[in-house]
Amino acid sequence: MSPSRKQKKELRKLQKTAAELWQDQQVLAQRAADVAREAGRQASVFGRQKVMPAAQAKYHEVVDPYVDKARPYVAQGVLTTKRVVDSKVVPVVGTVVGKAMGAWDAASEARLKLTGKPVVVPPKKKSAGPIVALVLGAAAAVGILVAAWQTLRADDELWVADDPLAAPDA
């Protein structure tokens, strides 16, 4: 069955309209690429002129007072943290672990006396679940990174077709 003359005329008219729409879309895509390129340039200039000086000023205001002037690469906060961990945290953790181990030993001896059987800790079952989850997570992260790279790469030809005036075949 071949289309009638009226249907052929309507198809030609539709194809002409589609070609005009395609051309308009190409022009619009080119304008959008120009606007995006200019916005990126303006954002870069704004970052260099406004954001970086403000961030540096805040860094010097907040971080510099804690930097040890005798050792410029070691922050006093790090030294204070090390001193607190060595003098307070390590002894407390050691005491807690020691008491827990003592309680475990006492419970084991009591059970041995009562039942005559020593306390046996069952071995852990090995499972592939965490490994599979790790591999899937890494694959997802790689996929996200590739998608982001494809999206954000600087490729001007990505916005405009090779033949901007060619219409798709209807």
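Predicted model: local features only at pLDDT ≥ 70, side-chain atom pairs only at ≥ 80, totals over all residues.

Analyst: Residues are numbered from 1 along each chain as its sequence is written, and side-chain values use heavy atoms, with hydrogens and water left out.

User: How many helices and strands does the secondary structure of the protein chain have?

Analyst: Helices (H or I, at least four residues) and strands (E, at least two) are DSSP runs, numbered from the N terminus. The protein chain has 3 helices and 0 strands, and its elements follow the order α-α-α from the N terminus. Helix H1 covers residues 5-62, and helix H2 covers residues 76-115.

User: What percentage of the residues of the protein chain count as buried?

Analyst: A residue is buried under 20% relative accessible area, exposed over 50%, and partly exposed in between (1.4 Å probe, protein chains only). Here 4% of the 170 residues are buried. Accessible areas come from the Shrake-Rupley method with a 1.4 Å probe; for residues, only the protein chains shown count as cover. The chain exposes about 15,100 Å², of which carbon and sulfur atoms supply 66%.

User: How many salt bridges are there?

Analyst: Side chains of opposite charge can pair when their charged atoms come close. The rule for a salt bridge is a side-chain nitrogen of Lys or Arg within 4 Å of a carboxyl oxygen of Asp or Glu. By this rule there are 2 salt bridges. In one, Asp-34 pairs with Arg-37, with the closest N and O atoms 3.0 Å apart. In the other, Glu-38 meets Arg-41 at 2.7 Å, N to O.

User: Where do Asp-34 and Arg-37 lie relative to one another in helix H1?

Analyst: Asp-34 and Arg-37 are 3 residues apart in helix H1, so about one helical turn separates them. Glu-38 and Arg-41 are likewise 3 residues apart in helix H1, about one helical turn. Asp-34 is partly exposed at 35%, and Arg-37 is partly exposed at 41%.

User: Which residues form the positive surface patch, and which make the nonpolar one?

Analyst: Patches consist of residues with over 30% relative accessible area and no salt bridge; like charges are joined within 9 Å, and nonpolar side chains (Val, Leu, Ile, Met, Phe, Trp, Tyr) within 5 Å. Lys and Arg count as positive and Asp and Glu as negative, while His and the chain ends are not counted. The place of a charge is NZ of Lys, CZ of Arg, CG of Asp or CD of Glu. The positive patch comprises Arg-5, Lys-8, Lys-9, Arg-12 and Lys-13; Arg-5 is exposed, at 77% relative accessible area. The nonpolar patch, of about 550 Å², comprises Val-84, Val-85, Val-89, Val-90, Val-93, Val-97 and Met-101. Met-101 is partly exposed, at 47%.
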